[in-house]
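Subject: Structure for you to look at

Dear colleague,

I am passing on a structure that I have been working through, and I would be glad if you opened it before reading on. My notes follow below it.

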Amino acid sequence: MLTEQERHEIDEEVAAVRGHARAAVVEALKVVQRRRGWVSDDDLRDVAACLGMTPAEVDAVATFYNKIFRRRVGRHVLLICDSVSCWIVGYHALLEHLRARWGLELGATTADDRFTLLPVACLGLCEQAPAMLLDGELYGNLTPARLDAILATHE
Amino acid sequence: MPAIIIDGKEYRYEGEGRNLLEVCLSLGFAVPYFCWHPAMHAVGACRQCAVKVFTDETDTRGKIVMSCMTAAADGMRVAIHDPEVADFRARVIEWLMVNHPHDCAVCDEGGECHLQDMTVMTGHVSRRYRFDKRTYRNQELGPFVHHEMNRCIQCYRCVRFYRDYAGGRDLEVFGAHDHVYFGRFADGVLESPFSGNLVEVCPTGVFTDKVFKEQYARKWDLATAPSVCTLCGHGCNILPGARDGTLRRVRNRYHHAVNGYFICDRGRYGFQFVNSEFRVRTPLLRDGGTLRAASADEALARVRTVLAEGTVAGIGSPRASVEANYALRALVGAERFCHGLPEKEFTLLEALVALMRSARTPFPTLPEVERADAVIILGEDLANTAPRLELALRQAARIVPDELEAAALGVLPFDDAALRAATQGGTHPLFLAVTGATSLDAMATARCRAVPDELARLALAVAHRLDPSAPAVTDLGADAAALADRIADALRTAKRPLLICGASAGSPALIAAAGQLLRALDTAGTAPMLRVVAPACDSMGVALLGGISLEEAARADTLIILDSEQLSAAQVAGATHIICLDSLLTEIGERAEVVLPAATFAESGGTLVNSDGLAQRFFQVFVPEGDIRESWRWIAEILGQPWANLDALLAEIAAELPVFAPMREAAPPADYRLDGQKIPRQSPRCSGRTAMTAHVSVHEPVPPDDPDSPLAFSMEGASGQPPAPLVPRFWAPGWNSVQAVNTFQEEVGGPLREGVLCRVIVPAGSAPPAAPVPPAFVPREDALLILPAYHLFGSEPLSLLTPGIAALAPAPYLALHPADAARLGVTVGSMVTVTLGETALTLPVVPREDVPRGAGLLSVGLVETPDALPAWGAVRGGAHA
Amino acid sequence: MPDLREYAGAGGYAGLRAALKMTPTEVQGMVKAANLRGRGGAGFPTGVKWGAVPLGPAARRPKYLVVNADEMEPGVMKDRLLMEGNPHQLIEGIIIAAHAIEAEHAFIFIRLAYREAAERLRRAIAEATAHGYLGENILGSGFSLDIRVHRSAGRYICGEETALLNALEGKRPIPRAKPPFPQTVGLWGQPTVVNNVETLCNVPHILRNGPEWFRGLSRSADGGTKLYGASGRVRRPGAWELPMGTPLREILEAHAGGMEEGYQLRGLLPGGASTDFLTPAHLDLPMDFASVMGAGSRLGTGTIVVLDDRTCPVSLLISLEQFFARESCGWCTPCREGLPWVVRLLRALEDGDGRQEDIARLEEHTRLLGPGRTFCALAPGAMEPLQSALHYFREDFTRHVTERGCPWRKELVV
Ligand SMILES: Cc1cc2nc3c(=O)[nH]c(=O)nc-3n(C[C@H](O)[C@H](O)[C@H](O)COP(=O)(O)O)c2cc1C
Ligand code: SF4
Ligand code: FES
């Protein structure tokens with residue numbers, strides 16, 4: 001069940017797209033994801049109802065995007081850039097460090113639900129490669145030490 | 001005629017604004033394709049249809065283009081057999097095969113798979129991809145369609161048909177890149193009444209026929225013959241396939257003007273009564289209290305005795321062929337022949353015929369319906385009464401820019417995605433004047449939901465606005481008056497307005513009002529098109545045949561009844577002797593003195609007159625086991641063989657009843673020969689015929705003779721393409737799938753070669769019947785006006801014998817407006833008793849906002865209704881389910 | 001980031017004031033004369049693009065201007081810097097462009113990762129609206145415009161302008177066929193222009209200083225300056241606004257500080273992941289559309305990715321092609337099925353499972369996924385680095401086969 005607040009936010013998105021309710025679908029999914037971390041089947045049905053769409057229609061869009069999570073994720077989602085610039089300057093080393101020091105595997109969530117690690121395409125932070133997106137925040141110039149410091153603040 | 005140069009040779013081609021693929025296919029070139037579909041046009045996704053075009057004769061390099069996304073143009077130079085582009089096409093197949101499971105041997109589509117055909121056509125033979133394939137989980141999609149996603153080649157046709165073309169909203173494409181999935185949000189029954197078309201639309205074995213799967217046979221092992229669906233009045237052309245004495249499946253048989261490429265799920269799956277355990281396979285005779293099997297001679301002797309007793313009446317059937325009805329009429333005499341309908345229902349049919357004859361504009365074919373630019377529907381819930389027409393109206397409602405507009409926008413007239421992007425789901429005016437919610441509501445410009453008399457008043461009000469000499473409706477409410485203004489304006493300004501009216505609301509007043517409206521539109525100078533909806537496959541046939549009413553016939557001592565399943569036992573309760581010509585043992589049959597085993601549509605041939613007044617021939621598909629014969633043949637036996645074969649019977653009908661004279665043209669006569677030979681019902685590859693009878697004899701049996709048609713129960717015979725009405729299967733060298741239909745058309749998407757449109761009801765501009773303005777509807781305190789509500793799955797009795805259809809049919813109900821429910825003190829799920837005449841029905845209540853105040857919608861077909869509806873019914877509530 | 005006061009104080013919004021005094025056609029004329037070419041990658045002349053939009057009272061309305069701020073091509077970060085650094089410059093460009101095509105609504109389609117940029121833009125839009133630069137009757141000119149920021153949810157294909165329109169409509173962002181071009185059938189079927197962020201950031205300056213001034217900034221035939229960037233093993237990765245046509249060497253050496261200690265330049269992608277490799281032999285090439293094209297590559301986005309001698313080119317291609325395979329929309333066959341095959345072939349080479357014919361298969365794919373054979377430009381773009389790598393680094397591919405695996409990886413192990 002969506003909360004009053006979520007419903008309200010979705011309604012606002014719908015109002016903002018002036019008569020094209022469907023155009024609010026990505027924002028509506030993000031409204032849900034913002035609080036719940038991911039979009040469950042039940043949430044998706046609720047979103048569909050708000051937009052006058054069928055669940056299939058919403059899911060057709062939701063599953064296209066890679067930052068709408070249709071599966072449960074951990075408390076923090078770490079998207080590590082595996083595109084060229086980062087690949088060249090240290091992606092592999094970071095990945096290895098995440099595995100060795102933090103027990104993070106690509107595509108997996110830690111047993112304590114603390115982190116989900118996913119690969120992501122270029123984050124547009126190439127001049128600060130290697131980079132990652134952690135809970136929506138961009139971090140560049142990563143080194144193992146800097147990574148440790150950042151992750152430590154994410155309980 | 002423009003010309004095009006293909007592989008160095010010049011060809012003339014037909015048609016402006018067509019794409020290169022259609023032109024090449026129409027010229028007989030084998031250009032492979034997947035995502036393009038002649039009814040759904042091009043999107044350019046699969047890249048299979050690549051050809052090369054050259055700018056001029058000096059251009060030797062050329063450019064690879066997708067033929068489906070390229071407009072053919074006069075003087076264009078094209079190469080199909082250029083090595084570079086031929087290689088590209090083979091590589092496209094290779095890519096599609098990367099994840100395809102190569103499970104042809106166990107795949108239902110094998111042997112009629114477009115992907116197989118295209119693979120062979122492009123010459124891709126050996127596998128170079130050496131890595132893993134991806135796999136998917138399949139979904140459970142309900143009783144009709146089987147899902148096998150691993151075979152998917154992502155042509156997007158399924159969603160384009162289901163969602164874009166048919167308006168379904170529960171099948172979608174999910175995911176991205178090489179992980180796209182076509183299915184539902186979750187397992188569950190596909191909601192669209194056209195879901196079965198996925199089986200034909202899918203070019204490989206992702207969506208296959210689940211019913212067929214239960215007793216599967218390869219395509220080439222099925223005996224097939226051209227047939228016509230008998231499950232509603234529309235008369236879609238079908239290709240039933242039988243093997244080993246059972247009917248296994250029904251597929252669409254392309255007919256440009258009637259059903260195009262698609263049929264509904266009732267038509268596709270509702271055939272299982274043919275194989276029913278309740279079939280009567282030998283004559284049954286009453287001995288004392290029970291029916292026992294008897295020989296034909298014995299039964300016929302008894303029939304003759306019974307017919308000699310007392311007054312006799314013959315009860316025909318709007319679900320039987322013209323020939324069967326006529327034969328019965330010949331047996332009992334015109335004045336003792338009943339058309340099979342209660343007086344009220346027959347009056348409606350007569351009114352429809354009169355309405356059709358009052359038209360001045362030719363009746364629109366299916367493509368013409370699809371191009372209507374303003375539509376008003378009077379009283380029909382089309383998805384449930386004429387589903388194929390509903391699908392056509394979905395296309396009509398959709399705005400498609402005409403060629404000039406498209407050109408101004410830079411849109412290619414065959415680019416489906418661009419057309420949809422340009423029009424953004426915009427719709428033409430579509431007005432619904434109906435008794436409840438319908439599937440077209442979401443597309444409608446405006447709708448009026450009211451009891452039939454009110455709908456008639458609205459139609460008359462519109463007519464008056466278009467033609468002041470038409471009677472005025474003086475006491476119309478403000479809302480209705482405003483709606484009438486809107487409708488009149490939209491129809492007046494339309495270029496191709498279409499009026500749809502039928503019998504299902506049960507209202508002669510509404511049909512009369514439609515006549516007024518049609519005439520008014522004509523007076524207003526709009527050349528209105530008319531499409532009529534009749535309830536059963538031969539309603540119009542019996543309407544033309546005429547006869548006494550069921551009420552009158554039922555007073556006879558002795559009744560001989562065709563297809564008694566359409567009657568209730570109560571309707572014939574007064575008769576002393578009953579003879580049934582039935583394919584199924586019915587309640588009436590159980591009381592009969594003789595039951596003669598009658599052939600179903602699949603075991604017989606004949607002619608049906610559809611809603612549109614078209615006479616269409618259907619042919620026998622297989623020879624049934626037992627003593628089953630065509631009804632008309634049984635009658636011929638009783639009469640001492642007056643007709644040697646169907647043609648002889650047809651000749652007599654034409655001579656006796658000139659209205660039916662054109663009917664003989666519906667198909668070539670039995671002595672027609674193609675290249676001097678009969679046309680085989682079986683494919684030349686038909687296997688295992690000898691094996692099937694090996695326990696009896698190792699010699700292949702002599703195929704039974706077919707005196708009634710130029711078709712043979714054999715795989716031997718002519719191999720060429722027969723005239724359209726005789727096409728028993730769509731096959732051409734290299735084209736084993738249903739897509740072979742391209743090679744049978746005059747041009748792609750057009751009529752079949754040597755097709756016929758044989759009209760027995762024609763627009764004659766005769767005066768429409770007078771349409772007095774009905775008084776405004778006044779709800780009653782003590783009763784509801786009970787109106788019929790139809791269900792695609794449920795309101796047609798024979799198709800209910802298909803288990804999947806029975807499973808999807810709703811439970812009987814009475815729907816009424818919540819305010820009426822409150823007034824009557826009934827709530828959801830509680831039971832009410834509706835008293836109609838003598839009969840009291842107890843039904844669960846469904847409160848629904850869409851039901852007009854003072855009315856009740858009663859599901860028909862699911863409960864036996866004693867009276868023709870609408871009728872006032874006293875409603876008593878209170879009981880609990 | 002300058003706020004509105006600072007921006008206006010430094011001459012900001014003067015271009016807009018000038019534009020509002022002109023007719024749309026005159027504004028288009030200025031931009032055409034300036035020879036501004038699109039900075040989104042394809043280099044289409046901006047004024048010409050605008051010129052295809054129907055103008056005047058007979059034109060269908062509403063019309064839309066859509067800003068492409070999706071920027072998901074690997075190696076590209078220039079638009080983020082522009083939006084974070086000076087959002088008002090973009091907003092001014094948007095208003096002028098909207099005026100030039102008589103659009104009443106604008107959308108900024110920005111990728112999800114650019115949260116900071118999106119927030120700055122929203123703030124700047126609010127400021128501009130409060131000061132009468134946006135909203136009803138802008139600066140009393142009678143022209144009205146609103147701007148909405150749409151944040152995407154991650155997919156490179158959304159940057160393809162027609163896929164972007166589908167995305168904005170809430171549909172699956174697969175590309176649309178062209179024709180029809182967005183200028184006639186665009187967002188919700190209405191006339192629409194899609195422009196890149198950087199393209200629009202040039203516009204205020206053209207209006208303020210005139211087309212001659214703009215052309216004069218350039219060291220080549222293409223007008224203006226360009227935001228060049230460099231990433232990879234260079235000393236000072238970053239982005240710099242330089243005259244159009246600045247030679248590669250100057251960008252890499254003077255601005256990016258040359259290669260990092262211990263690394264040699266082996267090759268470079270001049271304008272993002274979907275451009276062909278160039279080599280040290282091309283260092284004197286002026287970075288403008290025609291020159292880079294002449295050298296067999298594309299200027300693309302002008303953001304250079306540097307390949308060093310200690311990175312395996314095959315491995316780098318895995319990253320590149322995996323990106324494209326993952327970001328394929330799944331609509332057309334060659335891209336959807338061909339790219340994953342390419343990735344698997346590259347992986348096989350890298351993992352020691354490669355065969356000689358795999359190289360031929362890769363080469364074959366570069367031909368088969370070329371322009372016109374796929375539905376949109378994603379797959380042809382994906383083939384550019386591969387085809388040039390097969391050309392320039394052929395030896396490395398062969399060694400992967402003959403040495404049964406990646407030579408670089410072995411070095412690492414040692
Ligand atoms: C796969 C693909 C991705 C693209 N991504 C972007 C992008 O992120 N940003 C962009 O401005 N243009 C991108 N483009 C180019 C756009 O389609 C379009 O040409 C551009 O936005 C036009 O703007 P301009 O004329 O101002 O350059 C992409 C093109 C393709 C084929
Ligand atoms: S090339 Fe084809 S599959 Fe690839 S992104 Fe473009 S349209 Fe989609
Ligand atoms: S049929 Fe032309 S691209 Fe699919």
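Before the first result you will need one term: buried area is the accessible area, found with a 1.4 Å probe, that two parts lose on being put together, summed over both. Please also keep in mind throughout that this is a predicted model.

The interface of chains B and C

With that term in hand, chain B and chain C bury about 3500 Å² between them, and 56% of this area lies on carbon and sulfur atoms. On the side of chain B, the residues that lose the most area to chain C are B:Trp95, B:Arg130 and B:His177, which together account for 22% of what that side buries. Counted by residues, the interface brings 41 residues of chain B into contact with 43 residues of chain C.

Some of the pairing across this interface is between charged side chains, for the rule finds four salt bridges between chain B and chain C. One of the salt bridges joins B:Arg91 to C:Glu364, with the closest N and O atoms 3.8 Å apart.

Which elements of chain B each supply at least two residues of the side that touches chain C? They are β4 (63-66), α2 (83-98), β7 (172-176) and α15 (416-423), and the largest share, nine residues, comes from α2(B). Sorted by class, that side of chain B has 24 nonpolar, seven polar and ten charged residues.

The surroundings of ligand 1

Turning to the ligand, 18 residues surround ligand 1, and the closest are C:Gly40, C:Lys49, C:Glu71, C:Asn196 and C:Thr199. Strand β4 of chain C, residues 192-196, gives the most to this shell, with three residues, and by class the shell has five nonpolar, seven polar and six charged residues.

A polar side-chain atom of C:Asn68 lies 2.9 Å from an oxygen atom of ligand 1, whereas for C:Glu71 it is a backbone N or O atom that lies 2.9 Å from an oxygen atom of ligand 1. C:Glu161 likewise has a polar backbone atom that is 3.0 Å from an oxygen atom of ligand 1. As for the ligand as a whole, the protein covers 90% of the 610 Å² of accessible area that ligand 1 has on its own.

With best wishes

Terms used:
Residues numbered from 1 in each chain as written. Chains lettered and ligands numbered in written order. Predicted model: local features only at pLDDT ≥ 70, side-chain atom pairs only at ≥ 80, totals over all residues. Heavy atoms only, no water. Contact = heavy atoms within 4.5 Å. Helix = DSSP H or I, 4+ residues; strand = E, 2+ residues; numbered from the N terminus. Nonpolar A, V, L, I, M, F, W, Y, C, P; charged D, E, K, R; others polar. Near = heavy atom within 4 Å. Polar contact = N/O pair within 3.5 Å; in protein donor to acceptor, adjacent residues only side chain to side chain. Areas by Shrake-Rupley, 256 points an atom, 1.4 Å probe, with all protein chains shown as cover.
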